[in-house]
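Let's read this one together, one feature at a time. Have the sequence and the structure open before we start.

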Amino acid sequence: MKNPATLPGRVLWNAFFWTYERATWQYDLMVIAILAFVWLTPPDWLGDPTAHGSGPIGWLLDRLR
Amino acid sequence: MTFTGLVGRICLFPLRAIIRACVVLQIHPNVLTFVGVLINFAAAWALALGRFVTAGFIMIVANIFDFIDGKVAVELGQVSEFGGFWDSVIDRFSDIALFIGLIYLYSHLGRTDYVMITSLAMMFSIMTSYTRARAESLIAKCKVGFMERPERIVLFMIGAFTNRMAGVLWVILVLSIFTVADRIILTYRELRTTGREAVV
């Protein structure tokens, strides 16, 4: 599979065209990104039907205001 | 040792004892598979009622059965082609049941948007399995894409235990779309390389 020439392009392409096995550092990185999205995104931003509140990001933004 | 590798090793430790118990009791692996799907139906029911934590615990039990059936088959020397087929078919029922549980819940709450998101996530999850099965009838291997069944199940459990099901559904939907696309692209390129796509 032909990879894009630039580094950001390669990173994006490899994230999209996923060929890494489980228990590799790339897999760990993806898991961390997913967990960060699931746990840090305020439920209100997603219109979550069962969870409410602004979550950790909302809490942090409130503190910074 | 990676983080996910360590988690896998820790989880495998208690499972070894369960596998040993099933081997000693001579439980047929196909029975384990079937019991797994029945327990998954109970998890789907709990999701439908909005009892996420209960559903999470039931999913853990169901997926223990799902995980150990293949290992027990190897230990008992009962690996068969039908067993592999049966396992794949039953897995699809388990997958779909969990999504239907959520669709029921969201429609009961009057949330048409999440009924659609869950339905699309279900469609692409099924297509993830189908594209690989169909591709591997044409090419040697089609194991690309991140969002496979184990990832889906773990995400469902995380969503259930931490009440973050909306985020989980978005992740499953987007990454399942990528996985299906990856498999179509790989199959097309493999067939083009071997010059078989001209015949199709």
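Q: In which hand of crossing does α5(B) pass α7(B)?
A: Bear in mind that this is a predicted model. As for the hand, α5(B) passes α7(B) in a left-handed crossing.

Q: Which residues make that contact?
A: On the α5(B) side, look for residues including Tyr114(B), Ile117(B), Phe124(B), Met127(B) and Arg132(B). From α7(B), the contributors include Leu169(B), Trp170(B), Ile177(B), Val180(B) and Arg183(B). By class, the contact of α5(B) with α7(B) has 15 nonpolar, seven polar and two charged residues.

Q: And how should I read the angle: are α5(B) and α7(B) parallel or antiparallel?
A: Angles under 35 degrees count as roughly parallel. Helix α5 (residues 112-135) of chain B and helix α7 (residues 165-193) of chain B have axes that cross at roughly 30° and come within 8 Å. Therefore α5(B) and α7(B) are roughly parallel to each other.

Q: What about α2(B) and α3(B): parallel or antiparallel?
A: Here the cut-off is at the other end, since over 145 degrees counts as roughly antiparallel. Helix α2 (residues 29-48) of chain B packs against helix α3 (residues 52-76) of chain B at an angle of about 170°, and their axes are 8 Å apart. That is why α2(B) and α3(B) come out as roughly antiparallel to each other. Their contact divides into 19 nonpolar, four polar and two charged residues.

Q: Where is Gly50(B) placed?
A: You'll find Gly50(B) in the loop between α2 and α3 of chain B. Leaving out residues up to four places away in sequence, Gly50(B) touches Thr50(A) and Leu105(B).

Q: Why does Gly50(B) count as partly exposed?
A: The idea is to count neighbours: a residue is buried if 20 or more other C-beta atoms lie within 10 Å of its own. Gly50(B) has 19 C-beta neighbours inside 10 Å, so it counts as partly exposed.

Q: What radius of gyration does chain A have?
A: Chain A has 16 Å, whereas a compact globule of 65 residues would have a radius of gyration near 11 Å. The box its C-alpha atoms fill is roughly 45 × 25 × 20 Å along the principal axes. In chain A there are four helices and zero strands, and buried residues make up 12% of its 65 residues.

Q: Last one: how many residues of chain B are in contact with chain A?
A: The general idea is this: the size of an interface is often given as the accessible area lost when the parts come together. Here we count residues instead, and 26 residues of chain B are in contact with 24 residues of chain A. On the chain B side, α1 (3-24), α5, α6 (149-162) and α7 each supply at least two residues. α7(B) gives the most, with eight residues. That side of chain B divides into 13 nonpolar, nine polar and four charged residues.

Note on methods. Residues are numbered from 1 along each chain as its sequence is written. Chains are lettered from A and ligands numbered from 1 in the order in which they are written. This is a predicted model: local features need pLDDT of at least 70, side-chain atom pairs count only at pLDDT 80 or more; totals for chains, interfaces and linings use all residues. Axes are lines fitted to C-alpha atoms, for helices over the stretch in contact, and angles run from 0 to 180 degrees between N-to-C directions. Angles under 35 degrees count as roughly parallel, over 145 as roughly antiparallel, 65 to 115 as roughly perpendicular and the rest as oblique. A crossing is left-handed if the near helix is turned anticlockwise from the far one by less than a right angle, and right-handed if clockwise. Two residues are in contact if their C-beta atoms, placed from the backbone, lie within 7 Å. Ala, Val, Leu, Ile, Met, Phe, Trp, Tyr, Cys and Pro count as nonpolar, Asp, Glu, Lys and Arg as charged, and the others, Gly among them, as polar. The radius of gyration is taken over C-alpha atoms; the globule rule is 2.2 Å times the number of residues to the power 0.38.
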